[in-house]
Amino acid sequence: MFDSGAVAALTPTEVEELQRHESFSKLTDAYGCLGVLQIDRSSQYLVMVTSCVSVGKLHNCEIFRITGTSFFSLLGVDDDKASGVQKLFNSGTYYFALSTGASQYDLTLCSQRRLQDHETDNRFFWNRSMHIHFERYGVSCKNWLLRVICGGIEIRTIYSGNKQAKACLISRLSCERAGTRFNTRGTNDDGHVANFVETEQVIVIDEVVSSYVQIRGSVPLFWEQPGLNVGSHKVKFSRGYEACAPALERHLEGIHKHYGDIALINLLGNKEGEHMLGERFKNHMQASQAGSKMLYQQFDYHSECRGNNTKNLDKLLDKIKNTLDGFGVFHFDGSSVTSQQSGCVRTNCVDCLDRTNAVQTAAAIRALTRQLEMLGLAAKPQMVGRFEEIYKQMWPVNGDHISKIYAGTSAMTVGKSKYRDVTTSATRAIQNNFWTPVNKSR
């Protein structure tokens with residue numbers, strides 16, 4: 001019940017009593033509630049999910065992509081800003097899980113954090129602030145509200161004997177420095193970077209889980225690309241060299257806290273602003289206290305993989321093979337954790353889109369072998385080949401999900417036609433220079 005700006009959970013007896021003295025009318029049918037959106041003191045909206053599409057089942061839950069929401073004013077005042085937020089929620093990039101069992105599946109957490117660490121992590125919890133209104137009045141958000149991520153989810157079913165294996169790829173975009181390409185670059189003072197995405201490659205067989213996590217994010221310095229951006233892009237540093245150091249240190253300390261040991265792969269090339277940005281990033285890493293403890297690997301993707309020759313990515317991964325193998329993968333045998341991932345690869349290019357997705361794909365396919373070993377499936381060549389085939393299909397789709405959020409277009413992924421790449425590049429240029437996207441800020 002919402003009354004006088006407050007909210008309360010009612011018992012069945014209280015509902016019957018109110019119904020005897022008050023007239024009620026149905027508002028809507030809905031799949032769930034996202035919470036209360038507070039735009040300013042005079043405008044509050046109850047936000048309900050009224051349209052969604054199932055993307056698959058996982059454990060005891062079904063995962064849905066939001067396609068439609070309804071906003072109901074709680075104070076009788078409509079605000080034009082609410083329509084912009086509604087467009088975001090209806091854009092097809094937000095997901096939630098509905099559980100059929102007693103325990104709720106928290107989609108905002110990767111498997112290792114959810115099953116072992118049990119830590120509080122709101123980086124990918126996009127409607128966190130919308131829960132506060134309920135918490136303020138002691139209403140259980142767990143029982144009443146959905147937890148939503150922004151990103152992309154792909155789920156496929158692979159049959160292993162008489163069992164079903166779920167091959168999943170889940171990308172979670174951080175809400176700590178949200179915004180679109182060219183509008184949001186680099187880092188902020190807190191060390192949060194643009195287009196920071198955690199991507200989890202997870203396989204589920206009954207209650208058994210195997211997971212491998214990678215991250216991507218903008219170069220953690222203060223930089224931007226102002227003016228008209230078509231073709232080659234010039235980089236401008238918005239703060240001096242020394243002023244970047246504290247934010248970079250906070251970023252590196254933050255990802256170390258969340259993921260353990262870090263291997264950074266920098267894919268910036270040797271042309272124009274990319275070279276300048278890459279050199280400054282490398283110099284900062286060498287001077288950083290946290291960075292000096294991390295593996296930093298430079299790889300000029302455009303030079304090394306010219307003509308879509310992605311076989312040369314093996315050269316990159318071979319250089320850091322021992323580090324990657326040392327990170328391991330997460331494995332839960334249904335009752336206890338038998339293996340955990342102790343480190344993570346952080347990859348970046350300029351936008352952390354096309355080149356980054358290609359390198360993450362190659363690293364993930366290598367980690368897949370270890371995942372299948374933990375699941376007891378590596379001895380079956382046909383099964384290994386099937387999983388590789390499925391994930392090689394899903395990773396380009398994952399790149400599309402992230403690219404549509406950050407750049408407004410599909411990714412220019414290896415294997416697609418040159419004509420499509422040119423079309424995508426032109427569309428990106430038009431959107432980023434002449435259109436104002438609705439998701440410019442959080």
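**Notes on the predicted model**

1. Confidence first: this is a predicted model, and the chain averages a pLDDT (the predictor's confidence in each residue, from 0 to 100) of 90, with 90% of the residues scoring at least 70. Watch residues 433–442, where the pLDDT is below 50; beyond near neighbours in sequence, this stretch has 23 contacts in the model, a contact being heavy atoms within 4.5 Å. Where pLDDT is low, the predicted coordinates should not be read in detail.

2. Some ground rules: residues are numbered from 1 along each chain as its sequence is written, and side-chain values use heavy atoms, leaving out hydrogens and water. Local features need pLDDT of at least 70 and side-chain atom pairs count only at pLDDT 80 or more, while totals for chains, interfaces and linings use all residues.

3. Across the divide, 24 residues of domain 1 are in contact with 28 residues of domain 2.

4. Now the second largest pocket, which holds about 900 Å³ of space. (On a 1 Å grid over the protein atoms alone, a pocket is an open set of points where a 1.4 Å probe fits, with protein on both sides within 12 Å along at least five of seven lines; lining residues have an atom within 4 Å of a point. The volume is the space filled by probe spheres set on the points, which are joined across faces, edges and corners.)

5. Of its 27 lining residues, Met-1, Phe-2, Leu-27, Leu-46 and Trp-144 are the closest to the centre. The lining divides into 20 nonpolar, five polar and two charged residues, with Ala, Val, Leu, Ile, Met, Phe, Trp, Tyr, Cys and Pro counted as nonpolar, Asp, Glu, Lys and Arg as charged, and the others, Gly among them, as polar.
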